Every structure is written in C-alpha cells, then in structure tokens.
Amino acid sequence: MAAIDSLPPLRDVIATHDLSARKALGQNFLLDLNLTAKIARLAGDLSESDVLEIGPGPGGLTRGLLAEGARRVLAIEKDSRCMPALAEIAAAYPGQLEVINGDALEIDPLSHLTPPIRVAANLPYNVGTELLVRWLTPKTWPPFWQSLTLMFQKEVAERITATPGSKAYGRLAILSQWRADAKIVLHLPPGAFTPPPKVSSAVVHLTALPAPRFEANAGTLNKVVAAAFNQRRKMLRSSLKSLSPDIEDRLIAAGITPTDRAEVVPLEGFCALAREMDKA
Ligand code: SAM
C-alpha cells in the first residue's frame with residue numbers, strides 16, 4: 001500500500017519516542033495510516049475547514065486528516081510523551097498543525113479555530129461521551145461545529161443512532177438526533193487497534209442541523225427525557241408523575257398514550273410533550 005506521507009511508519013514513531021500505551025489514558029492506537037485516512041475522508045470535505053482533533057496520541061489520525069487535505073488541524077493531547085512525535089508531523093505540514101498539551105475537558109479551543117470547524121477524534125470512551133454531550137448541549141444553536149466524527153465503543157455508537165422500540169434507544173439518541181443527523185459510518189474490530197481493546201468500536205458521524213428537528217425548550221426536553229428513561233420499564237404516566245400533577249392530560253395532549261413506556265415514544269413525541277409541559 002502506498003504511504004500517505006513521507007513520515008516514518010507509526011510503529012517506528014512509537015518505538016523512537018517510547019510511546020508504550022497507557023491504560024489509564026485509554027490508549028488504543030490506530031497504526032494503519034490507510035485506515036486513519038479513510039476515517040478522515042468520512043469526516044467530510046476538510047479542505048475548507050479547521051479540524052479539532054482530541055487525543056491525537058502518536059498522530060495516526062492527525063496524519064490522515066492532514067494527508068486528506070485538512071486546511072488546519074488543532075490537536076489537544078493530554079499525554080506530554082506524544083509531543084515530540086506530534087512536532088515532527090507539524091514540521092512536515094508547516095503552518096497546518098497546532099498542538100496543545102492538555103486535558104480536552106478543561107481547554108476551550110475556540111480561540112484557536114476559524115470556522116467552519118469539524119471535529120474528529122479517537123478518544124477514550126468515557127471522555128468521548130462526556131465531550132459529545134457537551135458539544136450537543138451548547139447554550140445556543142447552531143453549535144461551533146459543523147460535524148463530529150468520533151470513535152466509540154460499538155454499544156455507545158448504537159445508543160447514539162438508536163431508533164424507538166430498540167433497547168439502545170434512550171437519552172443519548174434523543175440528544176443526538178434532536179439537533180443533528182447521526183449515523184454509524186464504520187465498524188472496527190478490536191484488532192484494528194494496538195493494543196486491541198476488549199470491545200468492538202464504531203465511528204459515528206454527526207452533522208449539525210441548522211435548527212432543531214422539532215421545536216422544544218432544551219432544558220424542558222432534557223428534564224422530560226431524563227425522567228422518562230430513568231425508569232424506562234415504567235409506564236410514562238407513572239415515571240413522569242413527579243413532573244406535573246396532570247401528567248396524563250399533558251401526555252394525551254402531546255399525542256402520547258399514558259400507558260406507553262419511554263422506549264416507544266419517538267423524538268417528535270418527546271418534543272411535543274416538552275412543549276405541553278411549558279404551557280401554563
Ligand atoms: N488518536 C490516536 C489514534 O487514533 O491512534 C490515539 C487514540 S487513543 C484511543 C486516545 C488518546 O486520547 C490518547 O493519546 C490519550 O492520551 C488521549 N487522551 C486521553 N484523555 C484525554 C483528555 N482528557 N484530553 C486529551 N487527550 C486525551
């Protein structure tokens with residue numbers, strides 16, 4: 001297979017800089033540059049975007065993004081051991097790669113980026129879910145990002161893209177699909193990573209919608225959905241009782257059968273209920 005750039009193979013980079021994978025940082029590296037270039041292509045047309053990459057590690061996905069023509073990449077990496085390897089990539093792509101050594105959960109990257117902005121990351125799964133929820137719940141919409149292309153544990157990817165009636169359907173599906181299109185674009189077996197994790201993975205691509213799919217107040221929708229799915233086996237008239245004394249009437253007004261369970265109610269129904277809850 002043709003090399004995607006003139007930099008050394010990632011196995012050599014890891015050996016040269018002694019980047020043995022650390023479990024505490026969720027380090028499962030992608031070493032196949034054809035695969036990282038493929039993930040970069042799944043992120044969309046990068047030529048006119050700045051890309052925010054979280055957790056570049058030794059730089060496999062970073063190299064994929066740059067080789068696929070990203071205008072600029074801002075990479076935030078917590079592990080300082082990776083800095084020399086990332087500096088070599090920055091030298092090969094002058095002016096196109098900025099690296100910040102720090103915790104992505106604590107850094108606001110916006111002053112370093114020029115819109116339009118796309119996000120791409122292969123992150124530890126717990127950090128990935130926390131950042132996804134933050135990116136999906138900004139104070140104003142549309143958000144700073146145009147798209148998110150993120151690696152998750154397969155089960156989490158299925159929760160993000162789930163439809164009503166499935167076991168995976170819940171808060172994450174509603175949060176993701178209310179204001180974005182979300183789809184699984186790639187499945188990866190454990191063997192795609194070094195070292196291989198115990199679970200399978202999937203890349204999810206989310207595109208921000210210009211406005212929410214259905215009208216609703218974000219806070220009210222969140223409250224209703226949290227209460228409904230916190231007791232997902234209960235009928236809605238009982239799981240939502242604490243939200244309003246006349247919850248049955250409000251459910252009916254929203255077109256929802258009060259004896260239904262949360263998992264069968266479509267996104268549109270939850271938005272209608274949120275609007276009913278906001279009526280005096
Ligand atoms: N992107 C690289 C790849 O695909 O080979 C590395 C992926 S590895 C699963 C996750 C990376 O995220 C590691 O390099 C780890 O050090 C980094 N990381 C973990 N927690 C982080 C955080 N809170 N902020 C920034 N980077 C983090």
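I began with a definition: helices (H or I, at least four residues) and strands (E, at least two) are DSSP runs, numbered from the N terminus.

I noted that this is a predicted model, in which local features need pLDDT of at least 70, side-chain atom pairs count only at pLDDT 80 or more, and totals for chains, interfaces and linings use all residues. Residues are numbered from 1 along each chain as its sequence is written, and side-chain values use heavy atoms, with hydrogens and water left out.

**Entry 1: the ligand**

I looked up which residues are closest to the ligand. The ligand is surrounded by 19 residues, and Leu30, Gly55, Glu77, Asp103 and Asn122 are the closest; a residue counts as near if one of its heavy atoms lies within 4 Å. I sorted this shell by class and found seven nonpolar, seven polar and five charged residues. Here Ala, Val, Leu, Ile, Met, Phe, Trp, Tyr, Cys and Pro count as nonpolar, Asp, Glu, Lys and Arg as charged, and the others, Gly among them, as polar.

I then read the polar contacts (pairs of N or O atoms within 3.5 Å). A polar backbone atom of Leu30 is 2.8 Å from an oxygen atom of the ligand. For Gly55, a polar backbone atom is 2.7 Å from a ligand nitrogen atom. A backbone N or O atom of Gly57 lies 3.4 Å from an oxygen atom of the ligand. Taken alone, the ligand exposes 590 Å², and the protein buries 98% of that (Shrake-Rupley method, 1.4 Å probe).

**Entry 2: the largest pocket**

I found that the ligand takes the space of the largest pocket; a molecule sits in a pocket if more than half of its atoms lie within 2 Å of its grid points. A pocket is an open set of points on a 1 Å grid over the protein atoms alone, where a 1.4 Å probe fits, with protein on both sides within 12 Å along at least five of seven lines; lining residues have an atom within 4 Å of a point. This pocket holds about 800 Å³ of space, a volume being the space filled by probe spheres set on the points. Its lining has 37 residues, with Leu25, Gly26, Gln27, Leu123 and Pro124 closest to the centre. Helix H5 (125-136) is among the elements that supply at least two lining residues, and H5 gives the largest share, three residues.

**Entry 3: the second largest pocket**

I recorded about 280 Å³ of space for the second largest pocket. Among its 15 lining residues, Asp108, Pro109, Arg134, Trp135 and Phe144 lie nearest its centre. H5 gives the most to this lining, with three residues. By class, I listed 13 nonpolar, no polar and two charged residues.

Key:
A polar contact is a pair of N or O atoms within 3.5 Å; within protein, one must be able to donate a hydrogen and the other to accept it, and residues adjacent in sequence count only if both atoms are side-chain atoms.
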